[in-house]
Amino acid sequence: MKKSHPFRRVMLASAATVSGIVLLLTLKPSSDPGSARAAGALPQQTAPAQESAQGGASVKDGTFTGDTIQTQYGPVQVRVTVSGGKITKADALQAPKGGRSDQISGDAIPKLNKEAIASGTEGIDAISGASYTSAGYGKSLQSALDKASAGPGATGGGGGAQAATVTGDAVDTQYGPVQVRVTVSGGKITKAEAVQQPKGGRSDQISGDAVPKLNKEAVAAGSANIDAISGASYTSAGYKKSLQSALDKIPAAEADKGKGAGAAPADQPAGSAAGSAAGSGAAQSGAAAGGATSDGGGTYTGAVVQTEYGPVQVRVTLTKGRITSASAVQAPKGGRSDQVSGDAIPKLNQEAVTVGDGDIDAVSGASYTSAGYKKSLQSALDQAGG
């Protein structure tokens, strides 16, 4: 009969346990990078965007507006506020509208805004029944987050980078909207491009010929004082207005470096392009939208508020914490709306300056416009910390 060896049994048991653990670790499945997309998530954010939301050293706090993304049902544009390296607020400045799009956008956009705040670094889930809007939102959100990165050439509402890229107001023309984006470095326009331009039918040919020329004109002139392109007078006029509004948003510190790239030409008061969009004529301060100035103020653009008769969007300038200027970037127009807006907007602008906050009275006969104005005004004041 063989003698038992307890010590040998212990050694064998220990070896078997270690081998089993190693085998389990070896066989552990790796995460599937495609699983998120299979579940319906939009593409994951890039590394700079992840750093921004996680609060890394390269993050800039401020308000950043993403690119306008054209979808099958209309444009989508997102603006985010970053504080402490995290997304604290997300708004859609533009969303598909008209017909059933009003219902879809009304349901999807609030959900996408919440998704952006909750899951900014992981990609946002598409909203069921709003796949095109969700995809456009995700792309515009990503471009906004890219601007929040403080790496070389980063841009946005922070105003601290060497180069600043700003997008002008969308200007409606007889043949379609025109919207211009410029990059300014060292006080000079180094790049100009049309984010939106008239299209469809003959407009494709006209825009295709005129817009590249207008882009070159903007860079060469260094201001909005550019010549109209022959045969494209409407597009040229819209381009100039949007270009001027973009230059008005250039941070004052950046504009002061050169020969006033952000300043209006001598025969055109500063901010006239933005003011004329709503007939207010209010001058702009030259501060970046969402950016603060040294005196505790700044210029802030509120969210676009859709009303029954058209969109309303308000921009305010604050000096030492007080509203010193208010203007409507967008207001209902067409038919009788021209008359209503022409009468109501100046009164609402004056009311905003007088009252100093969003608690303004509605103008008689313009209840929808007044309500939209108040909401957009309040969102602008929220950005200023008011």
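Let's begin with the lining of the second largest pocket: strand 4 (86–94), helix 4 (100–118), strand 11 (305–307) and helix 11 (367–383) each put in at least two residues. Before I go on, this is a predicted model, where local features need pLDDT of at least 70, side-chain atom pairs count only at pLDDT 80 or more, and totals for chains, interfaces and linings use all residues. Residues are numbered from 1 along each chain as its sequence is written, and side-chain values use heavy atoms, with hydrogens and water left out.

A word on terms. Helices (H or I, at least four residues) and strands (E, at least two) are DSSP runs, numbered from the N terminus. A pocket, on a 1 Å grid over the protein atoms alone, is an open set of points where a 1.4 Å probe fits, with protein on both sides within 12 Å along at least five of seven lines, and lining residues have an atom within 4 Å of a point.

Back to our pocket, then. Its volume is about 390 Å³, counted as the space filled by probe spheres set on the points, with grid points joined across faces, edges and corners. There are 22 lining residues, and the closest to the centre are Ala-92, Ile-109, Val-304, Val-305 and Gln-306. Which element gives the largest share of the lining? That's helix 4, with 6 residues. Sorted by class, the lining has 9 nonpolar, 7 polar and 6 charged residues. For those classes, Ala, Val, Leu, Ile, Met, Phe, Trp, Tyr, Cys and Pro are nonpolar, Asp, Glu, Lys and Arg are charged, and the others, Gly among them, are polar.

Now stay with helix 11, which is where you'll find Tyr-373. Is Tyr-373 buried or exposed? Buried, at a relative accessible area of 0%; the cut-offs are under 20% for buried, over 50% for exposed and partly exposed in between, using a 1.4 Å probe and protein chains only. Setting aside neighbours within four places in sequence, Tyr-373 has contacts (heavy atoms within 4.5 Å) with Val-312, Val-314, Ala-326, Ala-328, Ile-345, Leu-348, Asn-349, Ala-352 and Ile-360. Gln-330 sits 43 residues away from Tyr-373 in sequence, yet their C-alpha atoms are 9.5 Å apart.

Over to strand 4 again, this time for its partner. Strand 3 (residues 74–83) runs antiparallel to strand 4, with 7 bridges joining them; two strands pair if DSSP finds at least two bridges between them. Ser-83 faces Lys-86 across that pairing. The hairpin has 2 residues between the strands, and Gly-84 there takes a positive phi near 65 degrees.

Further along comes another run of hairpins. Strand 6 (residues 171–173) pairs antiparallel with strand 7 (residues 176–185) over 3 bridges, and 2 residues make the hairpin link. Asp-172 is opposite Pro-177. Strand 7 is mostly covered, with 8 of its 10 residues buried. On to strand 8 (188–196): 7 bridges join strand 7 to strand 8, again antiparallel. Gln-179 stands across from Gln-196, while Ser-185 has Lys-188 as its bridge partner. This hairpin has 2 residues between the strands, and Gly-186 has a positive phi near 65 degrees.

Gly-200 is partly exposed at 41% relative accessible area, and its C-alpha lies 9.3 Å from that of Gly-176, 24 residues away along the chain.

Helix 5 (residues 131–147) has 17 residues and reaches 25 Å between its end C-alpha atoms, close to the 24 Å expected at 1.5 Å a residue; the expected span is 1.5 Å times one less than the number of residues. Because 12 of those 17 residues are buried, helix 5 is largely enclosed by the rest of the structure. Among the buried ones are Tyr-137, Leu-141 and Leu-145. Helix 7 (residues 233–248) should span 22 Å with its 16 residues, and its end C-alpha atoms are 23 Å apart, which agrees. Its buried residues include Tyr-239, Leu-243 and Leu-247.

Zooming out, the chain has 11 helices and 13 strands, and 46% of its 386 residues count as buried.
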